[in-house]
Amino acid sequence: MRNLFIKQLSDETLMGRVKEQSDTPAFEELYARYSKRLLIYFLRMLGGDEAKSQDFLQDLFLKIIEKRYQYRDGARFSSWLYTIAGNMCKNEYRSQQVRRIVERSENPDTFAAETPHREIHSELDQHSLRNRVLQKLEKFDFHQRSAFLLRYQEQLSIREISAIMNCAEGTTKSRLFYVTRKLGKAFQSWHPNKNEVKTNDA
């Protein structure tokens with residue numbers, strides 16, 4: 001059982017203990033807090049490949065130990081962690097040459113809304129629609145898919161996502177706008193009882 005004192009510490013304090021003292025209980029607490037969330041993130045970024053996602057998860061926490069001296073004291077731990085995880089996925093995309101170039105015009109200045117198409121976010125609670133959305137996400141490139149998952153799965157802010165992905169906030173908004181617009185069009189006519197409604201109207 002994890003020490004009660006350790007459990008009460010913030011992520012940043014725990015990482016500081018890992019960095020300065022190689023504190024095993026602190027590391028184990030960080031693993032307990034983030035392993036399930038990161039596994040889901042890897043599963044959705046890597047096309048549902050469970051074995052590869054498990055390998056990536058273990059590699060990620062090994063990197064935390066290896067790169068512990070690169071962690072800046074007081075920096076938000078979750079942002080640092082997802083930056084490393086995102087870079088791992090990006091390298092995987094490159095090595096397998098599965099990244100796709102999606103032609104689109106981006107004009108970040110025109111996208112002021114931080115969470116466009118809120119209805120998509122709310123409908124993600126519906127199991128059947130969630131599965132359909134995840135299938136559609138496979139068609140987007142790394143940056144678009146990652147931005148969407150960090151926003152709607154991990155509930156990170158535009159600023160945090162931009163820091164993780166090393167891009168301007170306007171670019172993050174543009175990517176989210178593009179994905180949510182495409183998803184909105186794809187599911188515009190979708191309704192779980194669509195056929196039933198048509199029958200009743202006939």
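**Salt bridges, a helix pair and the core**

Glu154 is a buried residue, at a relative accessible area of 9%. Keep in mind throughout that this is a predicted model. What does Glu154 form a salt bridge with? The partner is Arg37, and the closest N and O atoms are 3.0 Å apart. Glu154 sits in the loop between helix 8 and helix 9, which spans 158-165, while Arg37 belongs to helix 3, so the pair ties together parts 117 residues apart in sequence. Arg37 counts as partly exposed, with 31% relative accessibility.

Next, Glu92 and Lys52. These two form a salt bridge as well, with the closest N and O atoms 2.8 Å apart. Glu92 is in helix 5, residues 77-96, and Lys52 is in helix 4, residues 50-66; the pair links distant parts of the chain, 40 residues apart. On accessibility, Glu92 is buried at 15% relative accessible area, and Lys52 is partly exposed at 23%.

Then there is Glu160 with Arg76, a salt bridge whose closest N and O atoms are 2.7 Å apart. Here the two ends are 84 residues apart, Glu160 being in helix 9 and Arg76 in the loop between helix 4 and helix 5. Glu160 has a relative accessible area of 16% and is buried, because the cut-off for buried is under 20%. Arg76, at 45%, is partly exposed.

One more item on charges: Asp11, Glu29 and Arg33 are joined in a network of salt bridges. The count for the model is nine salt bridges.

How do helix 3 and helix 8 pack? Helix 3 covers residues 24-45 and helix 8 covers residues 142-152; the angle is about 150 degrees and the axes are 11 Å apart. The crossing of helix 3 past helix 8 is right-handed. From helix 3, the residues in the contact are Tyr41, Arg44 and Met45. On the helix 8 side they meet Phe142, Arg145, Ser146, Leu149 and Leu150. Sorted by class, this contact has five nonpolar residues, one polar and two charged.

Leaving out residues up to four places away in sequence, Tyr41 touches Tyr82, Ala85, Gly86, Cys89, Ser146, Leu150 and Gln153.

Tyr41 also comes up in the largest nonpolar core. In soluble globular proteins, nonpolar side chains tend to be buried together. Which members of the largest nonpolar core touch the most other members? They are Leu38, Tyr41, Phe42, Leu60 and Phe77, out of 50 residues. Two or more residues of this core come from each of helix 2 (11-21), helix 3, helix 4, helix 5, helix 7 (127-137), helix 8, helix 9 and helix 10 (169-186).

Finally, the chain as a whole. The secondary structure comes to 11 helices and zero strands. The protein chain has 202 residues, and 44% of them are buried. Among contacts between residues at least 6 apart in sequence, 67% join residues at least 24 apart.

To recap, the buried Glu154 pairs with Arg37, and Tyr41 takes part both in the contact of helix 3 with helix 8 and in the largest nonpolar core. That is all from me.

Technical notes: Residues are numbered from 1 along each chain as its sequence is written. This is a predicted model: local features need pLDDT of at least 70, side-chain atom pairs count only at pLDDT 80 or more; totals for chains, interfaces and linings use all residues. Side-chain values use heavy atoms; hydrogens and water are left out. Axes are lines fitted to C-alpha atoms, for helices over the stretch in contact, and angles run from 0 to 180 degrees between N-to-C directions. Helices (H or I, at least four residues) and strands (E, at least two) are DSSP runs, numbered from the N terminus. A crossing is left-handed if the near helix is turned anticlockwise from the far one by less than a right angle, and right-handed if clockwise. Contact means heavy atoms within 4.5 Å. Ala, Val, Leu, Ile, Met, Phe, Trp, Tyr, Cys and Pro count as nonpolar, Asp, Glu, Lys and Arg as charged, and the others, Gly among them, as polar. A salt bridge is a side-chain nitrogen of Lys or Arg within 4 Å of a carboxyl oxygen of Asp or Glu. Buried means under 20% relative accessible area, exposed over 50%, partly exposed in between (1.4 Å probe, protein chains only). A nonpolar core is a set of buried Ala, Val, Leu, Ile, Met, Phe, Trp, Tyr and Cys residues joined through side-chain atoms within 4.5 Å.
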